[in-house]
Amino acid sequence: MNEKKDTYILGIESSCDETSFSIVKNGRENIATIIASQIDIHKDYGGVVPEIASRNHVKNITIVLEECLEKANMKMEQIDAIAITYGPGLIGSLLIGLEAAKTLSFIYNKPLIPVHHIAGHIYANSLVKELEFPLLAIVVSGGHTELIKMIDHYKFKKLGGTVDDAIGECYDKVARVIGLPYPGGPKLDKLAQKGQPTYKLPVPLKDDSYNFSFSGLKSAVINLVHNEEQRNREIKKEDLAASFEKSAVGSIVLKAKKAIKNEKVKHVILAGGVAANNKLRNEIIKLGNEMNVDISVPPMKYCTDNAAMIAAAGFYAYQAGRIADLSLNSKSSDKLS
Ligand code: KG4
Ligand code: ZN
């Protein structure tokens, strides 16, 4: 009997401030993943400085590749294809990963597979549970807030998205306003767990669409903080954090519920950096139980940027015949398709 050959994908991620390589088997099994994070370097600046991020990718990239191959105990010759985040992200950062991917593809004669960063966040879930279709991906990250329906592997349909800020961006801004250091999102999450939602804030965009809006909520928090400061009243930071989360997460749950019902989905997944948020994870799990659908929330290690998710997505992109040539370019923004 002919046994099906295993497929090993080398994933590369460098779209922001993490340099990461990973080897994933058959789109589901993480063989080895190495991530070099630059959080400590950028924290002094209150955010990622693109020029510094690029320079550090250059410094790290060959070291991280070597460590990854060593950890997997594999050689480049054993890799079937190379998956690379071509976008969206910081252009200088993206280009360094892309040039590494192209060089490896050329030297070792391996197919080059372009992966959209958000496809990566979605496929992080396939490292823990097989995706079932129709599927609803709730994409919540620093740059994206979208509801994506999938009827099969690598078939993405956007149901709706933010009309202004992304939810992660809003978390970071609110965190800064209440005096939390970078990266603010996770710190705001921790603080909110100690508080009660006592401040009245709007739940954004309670309409019939699948869209979101976070700029009004962000402004409401900023105004509230300024007003309290002018009145010399102390802000209960943990209560304000809990109130903000109630509104922000509430709006995601509201639209997700509608999509689950109308689009007859079988499987709901969380994807992106904000998938690490405790309240969102709990509320989505609750929603799944209530509506009798399968729910996947990625483990924390797959919420932040990593190359395992790119390699996992790359496997399914490879199966769908999405192979690029060496003219592939990075894109700072691009639609998921
Ligand atoms: O996925 P990601 O790296 O961004 C993009 O790819 O665009 O996610 C980063 C975002 C940041 O805005 C960060 O503050 C937020 O995810 N984040 C969180 C949490 N962990 C990360 N936001 C809320 N709660 C968290 N626990
Ligand atoms: Zn990301």
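Donors are N, O and S atoms within 2.8 Å of the metal (3.2 Å for Na, K and Ca), and since water is not among the atoms, sites may look incomplete. This is a predicted model, where local features need pLDDT of at least 70, side-chain atom pairs count only at pLDDT 80 or more, and totals for chains, interfaces and linings use all residues. Residues are numbered from 1 along each chain as its sequence is written, chains are lettered from A and ligands numbered from 1 in the order in which they are written, and side-chain values use heavy atoms, leaving out hydrogens and water.

**Exercise 1.** Find which residues coordinate the zinc ion (ligand 2), and describe their spacing in sequence.

*Solution.* 
- Step 1: His117 (NE2), His121 (NE2) and Asp305 (OD) coordinate the zinc ion at 2.1 Å.
- Step 2: Along the sequence, these donor residues follow the pattern H-x3-H-x183-D.
- Step 3: His117 and His121 are about one helical turn apart, because they sit four residues from each other in helix H4 (residues 117-123).
- Step 4: Both histidines, His117 and His121, are buried (under 20% relative accessible area, 1.4 Å probe, protein chains only).

**Exercise 2.** Work out which polar contacts ligand 1 makes with Asp172, Gly273 and Asp305.

*Solution.* 
- Step 1: Look for pairs of N or O atoms within 3.5 Å.
- Step 2: A side-chain N or O atom of Asp172 is 2.5 Å from an oxygen atom of ligand 1.
- Step 3: For Gly273, a polar backbone atom lies 2.9 Å from a ligand 1 oxygen.
- Step 4: Asp305 has a polar side-chain atom 3.2 Å from an oxygen of ligand 1.

Key. Helices (H or I, at least four residues) and strands (E, at least two) are DSSP runs, numbered from the N terminus. Buried means under 20% relative accessible area, exposed over 50%, partly exposed in between (1.4 Å probe, protein chains only). A polar contact is a pair of N or O atoms within 3.5 Å; within protein, one must be able to donate a hydrogen and the other to accept it, and residues adjacent in sequence count only if both atoms are side-chain atoms.
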